[in-house]
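Open the model in your viewer and switch to a cartoon view. Keep the selection tool ready.

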Amino acid sequence: VHVFQGHAGWVLSVAFSPDGKTLASGSADSTVRLWESQTGNCICILQGHSGWVRAVAFSPDGETLASGNEDTTVRLWALNTGRCISILQGHSRWVRSVNFTADGKILASGGEDGKICFWDTCNHRCIQSLQGYTGWVFSLSFSPDGKTLVSGNENTELYQFNLRMPLIQHS
């Protein structure tokens, strides 16, 4: 249907916005590009990472994009302005995966350090982390109710975690 052209490096991650109108792509050129999914036109280029962008995910409301990078950070982008609103630091090696809970209150990130971080998306703090993997965390997926997380790693294994709820409590 379309060929989306513009990145100067390998495209390593893609994600659709919740309404399907926007596509995000992360690349080895250290950028995230936002595209109109119906036309293939580039809407915006998000810059700020200093390494390959390995993971992208939209928040459920479509207002925020998370990107995980080889610079060991996760960045949160306000899509109405195209600006980075937060740089989350909690990994010691490349971030390979990011995923939001269905309510958008929690973002999980997984990396080559064998660690999964859970971030409160309101105050941008790490609220919990899981460590002890013997391999890189390549993928993450929350159950629709947010009570279970599954991760995939380089050792051909899937791990399922039952999460203590609620992970965050706002007063």
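Select Thr22 first: it stands opposite Glu36 in β3. Keep in mind that this is a predicted model.

Now widen the selection to the strands around that pair. Thr22 opens strand β2, residues 22–27, and β3 covers residues 31–36. The two pair in the antiparallel sense, over five bridges.

**The β2–β3 hairpin**

Move to the turn. Three residues lie between the strands of this hairpin. Pick Ser30 there: its phi is positive, near 70°.

Stay with β3 and colour by accessibility. Is this strand mostly covered or mostly open? It is mostly covered, with five of its six residues buried.

**Across to β4**

Next, select Val32. Its bridge partner in β4 is Leu46. Show β3 and β4 together: they too are antiparallel, joined by five bridges.

Follow the chain through the hairpin of β3 and β4. Here five residues sit between the strands. Stop at Gly40, which takes a positive phi near 85°.

**Back to β1**

Jump to Ser13. Look across to Gly26 in β2, the bridge partner of Ser13. Five bridges join β1 to β2, and these strands run antiparallel.

**The whole sheet**

Zoom out and show all four strands. What is their order? The sheet reads β1-β2-β3-β4, is open, and has antiparallel pairing. Its edges are β1 (11–16) and β4 (42–47), each of which pairs on one side only. Neighbouring strands are turned by 20° against each other on average, with direction ignored.

**The cysteines**

Select Cys42 and show side chains. Which cysteine sulfur is closest to that of Cys42? It belongs to Cys44, 7.2 Å away. A disulfide needs two cysteine sulfurs within 2.5 Å, so the sulfurs of Cys42 and Cys44 are too far apart for a bond.

Then go to Cys84. Cys84 is in no disulfide either, and its nearest cysteine sulfur, that of Cys44, is 12 Å away. With the surface still on, Cys84 counts as partly exposed, at 31% relative accessibility.

How many disulfides does the model hold? The count is zero.

Technical notes:
Residues numbered from 1 in each chain as written. Predicted model: local features only at pLDDT ≥ 70, side-chain atom pairs only at ≥ 80, totals over all residues. Heavy atoms only, no water. Buried < 20%, exposed > 50% of the residue type's maximum accessible area, 1.4 Å probe, protein only. Pairing = 2+ DSSP bridges. Axes fitted to C-alpha atoms, helices over the stretch in contact; angles between N-to-C directions.
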